[in-house]
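Please open the model in your viewer and keep the selection tool at hand.

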Amino acid sequence: MDETNQTDKSNMIEVLESIPEQIAEAVKLAKDVKVTEPIKRIMVAGMGGSAVSGDILKAYLKDKIDVRVNRNYFLPELVGKETLLFILSYSGNTEETISAYRTAQRKNMNMVVITTGGKLEELSKISKIPCIIIPKGFQPRAALAYLFFPMLTVLYNSHFIDNPVEDIKKTIKTLKNPKFKERAQDLAEKLVEKIPLIYTSERMGVVAYRWKTQFNENAKVHAFCHVFPELDHNELVGYGNIKAGYHVIIIKDDDDYVKVKKRIDITKRLISEAGINVTEMVIKGECFLTKLFSAIYLGDLTSYYLALKYGTDPTPVEVIEELKKGL
Ligand code: F6R
């Protein structure tokens, strides 16, 4: 039995600690899956914690392949056989994602399904659509590695991208650093009784969005995010009439465009002058994949520690379940 299988999946910190092992296992799950038809673009259809893997893929492959993320019942008219569609649903039972699957099937699209089972496994078996089965028992948002890395492996197997193995190795090694926990605990302390506002450059935008959703689902608090340079053209003005106790988190990367870096510095000064505390989190890593996952990991941990500070169980999301039952 490997280390991941021994993880108590209802214990969020154990799940977070086992992410390096999950990544290695996730890569193996897709080792025999490839697509042979030529494609022009990739689309990832999913919702919530499943869909965010599509945003990470889009960020990682920026400028190399056109990647789009579809969070809805239907697919845009423009996609057809030249689009490779990854259908991602951890449970396999999310209605928007099943509907997107059915639309894609009518269009006879090239598809790969990634799921633990459910309706999507059933449907893909009937139609002989490649289906990668990932381990059950996690919260969908905590199964990020299992949802993301099989896509990367399929794309490599299909010769659509360069070999990502070195980037993956660097990422696994970096995430084992115990410093992440210390940084996350320090930040969580500052966020008690505050509304987190998370800002980053557009190229790291998925990171800010993941932080927001992890604050929502783990700590059960509201949180909001925006990206540079756009936020300097609207959100910044909102500091003229502050109506709540915010704490601004700016996630910085040395490789951000020089003008964006200058904007970040000036924005930080202006927000501080408006009386709001700002914490900068500088993300380091040997490659972009490592930076993306390091930044995401830091946010996952911070939201976990914030949940503990509020006396909230980070794992269940009962209100999402209740809503789904009502549909
Ligand atoms: C719960 C979570 C949710 C789900 C979403 C879609 O942990 O992250 O955002 O991901 O409700 O469900 P799945 O992923 O099963 O398709």
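A search of the whole structure finds two cavities of 30 Å³ or more, a cavity being a set of points, on a 1 Å grid over the protein atoms alone, where a 1.4 Å probe fits but cannot get out. This is a predicted model, in which local features need pLDDT of at least 70 and side-chain atom pairs count only at pLDDT 80 or more, while totals for chains, interfaces and linings use all residues. Residues are numbered from 1 along each chain as its sequence is written, and side-chain values use heavy atoms, with hydrogens and water left out.

Select Ile19, Gln22, Arg141, Ala142, Leu144, Ala145, Leu175, Arg210, Phe293, Ile296, Tyr297 and Asp300 to see the lining of the largest cavity, where lining residues have an atom within 4 Å of a point. The space inside is about 80 Å³, a volume being the space filled by probe spheres set on the points, which are joined across faces, edges and corners. Helix H11 supplies the largest share of this lining, four residues; helices are DSSP runs of H or I with at least four residues, and strands are runs of E with at least two, numbered from the N terminus.

Of its 37 lining residues, Gly48, Gly49, Glu217, Ile320 and Lys324 are the closest to its centre. Colour helix H9 (205-219), as H9 gives the most to this lining, with seven residues.

Now show the ligand, which sits in the largest pocket, meaning that more than half of its atoms lie within 2 Å of the grid points. Around the ligand are 15 residues, of which Ser50, Ser89, Thr94, Gln139 and Arg141 are the closest, a residue being near if one of its heavy atoms lies within 4 Å. Helix H3 (48-60) and helix H12 (318-325) each supply at least two residues of this shell, and the largest share, three residues, comes from H3.

Taken alone the ligand exposes 400 Å², of which the protein buries 94%, with areas from the Shrake-Rupley method and a 1.4 Å probe.

Terms used:
On a 1 Å grid over the protein atoms alone, a cavity is a set of points where a 1.4 Å probe fits but cannot get out, and a pocket is an open set with protein on both sides within 12 Å along at least five of seven lines; lining residues have an atom within 4 Å of a point.
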